[in-house]
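Please look over the sequence and the model shown here.

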Amino acid sequence: METTAPEKTTTLDQSFRDSIATVDKQGRRKFLFPKKPKGRLYNKRTIASIIYLVVFFTLPFLKVDGEPLFLFNVIERKFIFFGQIFWPQDFFIFAIGFLTFMVFVILFTVVFGRVFCGWACPQTIFMEMVFRKIEYWLDGDSSAQKRLAAMPWNGYKIRKRAVKISVFYALSFLIGNFALAYVIGMDNVELMIREGIGAHPVTFSALIGFTTTFFLVFYWFREQACLVVCPYGRLQGVLLDRKSMVVAYDYVRGEPRGKVSKTKEAEDLGDCIDCAACVRVCPTGIDIRNGTQLECTNCTACIDACDAIMVSLQRAEGLIRIDSEENIARGQKKLWNGRTKGYSALLAVLLGVLVTLLVTRNDVDATVLRTPGQIFQTQPDGRLSNIYTIKFANKTRNDIPMTLKLENMNGEIQVVGNALVAPRESYTQSPFFVKIKRDQILRRKTKIAIGVYEGTKRIKTVETTFFGPGY
């Protein structure tokens, strides 16, 4: 009778789940001093961050036909994306766009985990690739920062802190000005700078408020923004599964851990030498060897730190790598499954709908309303007339002459006042009469169709009701 050896079981220490790295046993905030990362992935993150920062500080200066390329003016309810102006009438496009974005977030997270957090999130880029780099330059690496924090207050520490606070606040003020430029436009920001604080006290007060918020986030709150505030981090728990690609520790290869020794084979140790290099570089203070955790932002700093140790020991890299828990357990690689295919199909459909809405979007929206309290009038020539009001929302940068025509019966449309024009980037309304011969109105309420034309192009057909005497 053939027997098999029992499988080796390992009892994992789960005590790490009882606390977080940023809170001590007394429940007080514990500040982290991560070691300065370096390596292949960190260099790629630096390049990606430089591109992001160049785009962020350049876009407010780019214009199309005298308007910003991007504008998110919530105050005036005016939004510009890639030079296209959007108004509240385009809310349904925003709804489809938001739905598409949410599905994309779900799909992306299911497949690739929180790589967005570590590589593209503005909070992470400014914190880790701007403010943290400046901090390393001003205060030194992790050990120097710890010594400075533990040092009693003296002239040296006061000078260090004063310089750091000044630099961080000045940089936060710069970021605040560019963030304001995305709301009101860089031209208005430059105008306010020239006119001074006295001419714009409210805007300046708001700017100082945002600057102070940015400063406190990057100087004091730091990783807590990802752990406590960010809803995306909280969603990770329901979006990720064992098939998701995350920053993962290969416990099959690494366990059991043990220090380097000549008797490695006799002791049956894994490749992890328990050096804690991955922990020292983590900006959220976690031990990735404990598995996927809420605090992990997939910044990949631990991968670089572990690879450097493996290279020095002449062992294979990738003990910590981007992979799924299922792949690590089974020793295979499989990215696509039924759920990701379903999300991809839904995302493709939503993108198609969104592109169609953007391409077929009218430059001018028109709404026809009957004038309240008015039924019908009899004209001297015997024709019946109703009075209406047409409202235009011109989303372009040009004044557009408009004309109205009856589409489903003979009659006349007479605009009250001057020629019908939709002013650029604004709303307008104008009253007009619809005159129809009495013999065409056989009921008290008759449906009529009014064509709204931009030159010879019909942009919309509006149906409304024409009131008559009734028979």
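## Surface patch and salt bridges

Trp 220 is partly exposed because its relative accessibility is 43%, where buried means under 20% relative accessible area, exposed means over 50% and partly exposed lies in between (1.4 Å probe, protein chains only). This is a predicted model, in which local features need pLDDT of at least 70 and side-chain atom pairs count only at pLDDT 80 or more, while totals for chains, interfaces and linings use all residues. Residues are numbered from 1 along each chain as its sequence is written, and side-chain values use heavy atoms, with hydrogens and water left out.

Trp 220 belongs to helix H8, which covers residues 201–221; helices (H or I, at least four residues) and strands (E, at least two) are DSSP runs numbered from the N terminus. Together with Phe 31 and Leu 216, Trp 220 makes a nonpolar surface patch of about 300 Å². Patches are made of residues with over 30% relative accessible area and no salt bridge, with nonpolar side chains (Val, Leu, Ile, Met, Phe, Trp, Tyr) joined within 5 Å and like charges within 9 Å.

The structure holds 25 salt bridges, each being a side-chain nitrogen of Lys or Arg within 4 Å of a carboxyl oxygen of Asp or Glu. Three of these pairs are set out below.

| Pair | N to O distance | Separation in sequence |
|---|---|---|
| Arg 321 and Asp 250 | 3.1 Å | 71 residues |

Glu 223 is buried, with a relative accessible area of 7%, whereas Arg 29 is partly exposed at 26%.

Asp 187 is partly exposed at 39% relative accessibility, and Lys 63 is partly exposed at 41%.

Arg 321 and Asp 250 form a salt bridge; Arg 321 lies in strand S7 (residues 320–323) and Asp 250 in the loop between strand S6 (246–249) and helix H11 (251–254), so the pair ties together parts that are 71 residues apart in sequence. Arg 321 is partly exposed at 23% relative accessible area, while Asp 250 is buried at 9%. Elsewhere, salt bridges that share partners join Glu 128, Arg 132, Glu 135, Asp 139, Arg 161, Lys 164 and Arg 222 into one network.

Conventions. Accessible areas come from the Shrake-Rupley method with a 1.4 Å probe; for residues, only the protein chains shown count as cover.
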